[in-house]
Amino acid sequence: MMTVTKKSKHLFLVIKKSASTPLLISIDAEWGLAMRIEKTPQYPYAITLGALPSTKSSLVYEVGKQIGLDLKAAGIQYNLSPLADINNNPNNPVIGYRSFGENKEKVADFSIEYLKGMSEVGVLGCLKHFPGHGNTNVDSHLGLPVLKETLDELLENELYPFIKGIENNVDSIMIGHLAVPSLNGGKDTSATLSKAVIQDLLRDKLGYDGLVISDALNMHSVSKLYETKGQLEWEAFNAGNDVLCFAENVPEGIEAIYKNASPDRIFESYNRIMKAKEKAGILSGNTAVSGELNFEKTSQLNLEIAQNAITKIIDNGISDLAIEAQKNNKLAKLSLYKNTENTFFKTLNAKLDSPEFAFESLETSDIVAIKNELENFETLIISLFVPKAKPLNNFEVNDEVFELLSNLLQTKKCIIYVFGNPYVLPLIPNLKKASGLIQAYQDFEEFQKTVGIQFFEKNSFTGVLPVNIDIQ
């Protein structure tokens, strides 16, 4: 057990004491406090949870519950999570691993389980990014994505998880910085600044009267739209947002809202905010930091998720193949982007000791020498620890590594384990030639240990790919 740093707790206490009205403290802890605070519990990405069978949705509930408990230990009552975005565009630069997958029913079900877990321990949740950020190929931190779908198409797919969330009394909904011309008379107006999206669609058509929060107003998709300070804040409020996230011009924004908004409109947002604070318990004095960070509980939960999420894609008798190769001294292991002391190799070595090689970076490893060393082996167990979760620059996998994998797949019997975003799979040339392909998702110790154990256990894989992948 370990507590959040005294410094962070003290900071929250100072902020709270300086406010005349109890403050609602929020964070976007999609995969736990570790998303924003170092040395705190980290849980699997949503795409990993999306690999769980639908019958294991209770594990998503437990993740929401544990994240909620972690937030309470840090003095935070409001989590701007989870994503209800449907992962239906593999080229999406910003959603990807943060979504539960491309099946709308599963995204809706897992989102609700996550929310219920947090609610169980008194932490507010938030579905984002309305009306659906999954089918975009622009990072809204940098530019404005545009959705070409009609309202009927949105209702059929993107809006489905949000509708289910509304039916289950979701605490809040975040509006995304994305344009839907079909809802705005053909204009590319960001949803965060659109009455048609927030008032007409979300409030009136879908019947949602809960808290609405904008995506961060300092994101480049909207932050430079208006020269006059406070104008963006007013436009966002006027469109129907109750809470303005990361507003850059707070005094000017407040002034513009007071000047232009009716008292009734201001009190609408005020009442929703106070209702949220009441639900979180802070109006009745429940603002104290409670509980401690339980790393042991996190590890147990991550282990159970690993045991149910790891996905077998190709298996041409991998354990028998490796054992036979070891007997003939023709088996080697190759670790990419992590040294040979990784937990996966250590777990395998209890039963399957063999020569090991590692490529860690172009600066520290000789990839040509590694290729030459592997010439004498027929069967390879390869662990690819994907450097980045985001797809920018091919997940930071070097071209030289793709070339090495391509060559090995064509000349050796390769058993490949991928610890990282499954969207990297289509980038690996000749991957269909693999004798074995296991998608392990996370590089957590629990996931590495699990795949090492499962290597020798046939029919032990229950995970399913949460997105459609076409491998080469």
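This tour moves through a predicted model, one selection at a time.

**The six-stranded sheet**

Begin with the open sheet of six strands, whose order is E6-E11-E10-E9-E7-E8 and whose pairing is mixed. Strands of a sheet pair through backbone hydrogen bonds, either parallel or antiparallel. Select strand E6 (311-315) and strand E8 (356-359): they stand at the edges, and each has a single partner strand, so one side of each is left without a neighbour in the sheet. From one strand to the next, the twist averages 15°.

Strands E6 and E11 pair in the antiparallel sense over four bridges. Select Thr311, which stands opposite Gln439 in E11. Continue to E10, which is joined to E11 by four bridges, the two strands running parallel. Here Ile416 stands opposite Leu437 in E11.

Remain on E11 (436-439) and display its side chains. Which residues point one way from E11, and which the other way? Gly436 and Ile438 point one way, Leu437 and Gln439 the other, and all are buried.

Strand E7 (residues 331-336) and E8 run parallel and are joined by four bridges. Select Leu334 to find its bridge partner in E8, Phe357.

**Helices that pack on this sheet**

Select helix H17 (residues 399-411), which packs on the sheet and touches E7, E8, strand E9 (379-385) and strand E10 (413-419). The direction of H17 makes about 160° with that of E7.

Then select helix H13 (residues 318-327), in which Ile318, Ser319, Leu321, Ala322 and Ala325 are buried. Why are these residues on the same side of H13? They cover an arc of only 160° around the axis, which puts them on the same side of the helix. An α-helix has 3.6 residues a turn, so residues three or four places apart point the same way. The buried residues of H13 pack against E6, E7, E9, E10 and E11. After H13 comes Asn329, whose phi is positive, near 55°.

**The three-stranded sheet**

Move to the open sheet of three strands, which has the order E3-E4-E5 and parallel pairing. Strand E3 (127-130) and strand E5 (211-214) stand at the edges with a single partner strand each, so one side of each is left without a neighbour in the sheet. In this sheet the twist averages 30° from one strand to the next. Two bridges pair E3 with strand E4 (residues 172-175) in the parallel sense. Select Leu127 and look across to its bridge partner in E4, Ile173.

**A pair of helices**

Select helix H4 (residues 104-120) together with helix H6 (residues 160-167). They pack at an angle of about 35°, with their axes 8 Å apart. The crossing in which H4 passes H6 is right-handed. On the H4 side, the contact is made by Lys104, Glu105, Val107, Ala108 and Ile112. On the H6 side, Tyr160, Pro161, Lys164 and Gly165 take part.

**Cysteines**

Finally, select the cysteines. How many disulfides does the structure hold? The structure holds zero. Consider Cys126: the closest cysteine sulfur, in Cys245, is 9.2 Å from the sulfur of Cys126, too far for a bond, because a disulfide requires the two sulfur atoms to be within 2.5 Å. Cys126 is buried, with a relative accessible area of 0%. Cys414 also counts as buried, at 0% relative accessibility.

Notes: Residues are numbered from 1 along each chain as its sequence is written. This is a predicted model: local features need pLDDT of at least 70, side-chain atom pairs count only at pLDDT 80 or more; totals for chains, interfaces and linings use all residues. Side-chain values use heavy atoms; hydrogens and water are left out. Two strands pair if DSSP finds at least two bridges between them. Axes are lines fitted to C-alpha atoms, for helices over the stretch in contact, and angles run from 0 to 180 degrees between N-to-C directions. Contact means heavy atoms within 4.5 Å. Buried means under 20% relative accessible area, exposed over 50%, partly exposed in between (1.4 Å probe, protein chains only). The arc is that of the directions from the helix axis to the C-beta atoms. A crossing is left-handed if the near helix is turned anticlockwise from the far one by less than a right angle, and right-handed if clockwise.
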